[in-house]
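Hi there,

Here is the structure I promised to pass on. Have a look at it first, and then read on for my notes.

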Amino acid sequence: MDQVGMGNAEHQGALAKGEVLPRPASSQSEGFKPRSVLNSLLSGAFAGAVAKTAVAPLDRTKIIFQVSSNRFSAKEAYKLIYRTYLKDGFLSLWRGNSATMVRVIPYAAIQFCAHEQYKRILGQYYGFQGKALPPVPRLLAGSLAGTTAALITYPLDMVRARMAVTPKEMYSNILHVFVRISREEGLQTLYRGFTPTILGVVPYAGLSFFTYETLKKLHAEHTGRSHPYSYERLAFGACAGLIGQSASYPLDVVRRRMQTAGVTGHTYGSISGTMREIVTEEGVIRGLYKGLSMNWVKGPIAVGISFMTFDLMQILLRKLQQLGYNAR
């Protein structure tokens with residue numbers, strides 16, 4: 001992160017005007033500010049899109065292993081990526097990424113807005129306006145934000161999973177996936193696997209926000225600086241993502257199996273039944289945690305790119321806004 005110049009005085013001044021996601025607890029008492037929220041929405045959506053695109057080949061490979069009974073290893077993952085490249089070309093490694101983008105942009109926007117509103121509401125309810133929320137409400141705010149975003153954008157996640165594990169001849173585009181699933185399997189299929197998704201989102205989003213803000217608080221107490229540098233945010237975000245992913249990963253595997261059951265020849269009727277079948281056939285570690293090591297690789301990469309892009313976008317938008325004020 002040093003190479004983007006975030007550690008200089010300009011970075012400190014920029015952060016003093018608007019904290020990077022998650023925003024400071026003081027925003028709980030600021031109320032609704034459309035321009036500030038819009039800037040954060042645009043920055044977060046763009047950052048999420050860039051980060052997801054960067055790790056799309058790894059994400060696609062992880063999904064393929066999650067929905068199959070093949071044993072995962074770094075060597076096998078590399079072989080799969082290389083075979084895909086030889087067979088279908090370089091761009092095939094990003095197959096399904098268009099569906100990811102369609103989902104990531106609204107998901108990031110909804111989750112951020114929801115989190116800010118939940119923080120404000122919980123801050124007022126518990127009497128912590130202008131102060132950092134205590135751990136439990138902070139955990140709750142993150143969980144509710146993740147649940148809200150997942151509820152609205154889940155069908156797009158289903159489409160992304162289908163496009164990632166099927167040959168390109170089966171589905172030509174995002175709309176084609178929706179049409180075929182609706183016609184051949186029913187509209188309810190678009191929410192297949194939703195329950196394990198929500199059960200996974202609650203600990204993932206909650207623990208991510210809790211870990212990130214706790215580390216930021218401890219950092220401020222230790223260093224006396226209330227605004228960490230971008231490379232420090234990268235480290236805090238990476239820790240938060242690793243903890244959240246590790247806690248919710250088995251449910252992510254169950255979700256993928258249920259989402260792709262229609263094209264893999266399996267029938268999964270319930271969360272517990274799916275878990276039992278996976279454990280029986282593949283074991284606990286090799287089944288429910290298949291591909292987790294790849295998540296530990298791509299997670300910090302995605303977080304790093306996301307935070308860097310968000311910082312740059314926030315600074316750019318504030319500069320443009322200031323130029324607009326000066327021109328008046």
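Below are some notes on a helix pair and on salt bridges.

Please keep in mind that this is a predicted model.

Let me start with the helices. The axes of α6 (residues 135–165) and α7 (residues 174–184) come within 10 Å and cross at roughly 100°, which makes α6 roughly perpendicular to α7. On the α6 side, the contact involves Pro155, Leu156, Met158, Val159, Arg162 and Met163, and these meet Ile174, Val177, Phe178 and Ile181 of α7. By type, the contact residues divide into 9 nonpolar, no polar and 1 charged.

Now for the charged pairs. The structure holds 5 salt bridges, and here are some of them.

Glutamate 282 pairs with arginine 257, with the closest N and O atoms 3.0 Å apart. Glutamate 282 belongs to α11 (residues 271–282) and arginine 257 to α9 (residues 230–259), so this bridge ties together parts that are 25 residues apart in sequence. Glutamate 282 is buried at 13% relative accessible area, and arginine 257 is buried too, at 3%.

Lysine 217 and glutamate 221 form a salt bridge at 2.7 Å between the closest N and O atoms. They sit 4 residues apart in α8 (residues 194–223), so about one helical turn separates them. Lysine 217 is partly exposed at 41%, while glutamate 221 is exposed at 53%.

Finally, arginine 225 bridges to glutamate 232, with 2.9 Å between the closest N and O atoms. Here arginine 225 is partly exposed at 22%, whereas glutamate 232 is buried at 13%.

Note on methods: Residues numbered from 1 in each chain as written. Predicted model: local features only at pLDDT ≥ 70, side-chain atom pairs only at ≥ 80, totals over all residues. Heavy atoms only, no water. Axes fitted to C-alpha atoms, helices over the stretch in contact; angles between N-to-C directions. Helix = DSSP H or I, 4+ residues; strand = E, 2+ residues; numbered from the N terminus. Parallel < 35°, antiparallel > 145°, perpendicular 65-115°, else oblique. Contact = heavy atoms within 4.5 Å. Nonpolar A, V, L, I, M, F, W, Y, C, P; charged D, E, K, R; others polar. Salt bridge = Lys/Arg side-chain N within 4 Å of Asp/Glu carboxyl O. Buried < 20%, exposed > 50% of the residue type's maximum accessible area, 1.4 Å probe, protein only.
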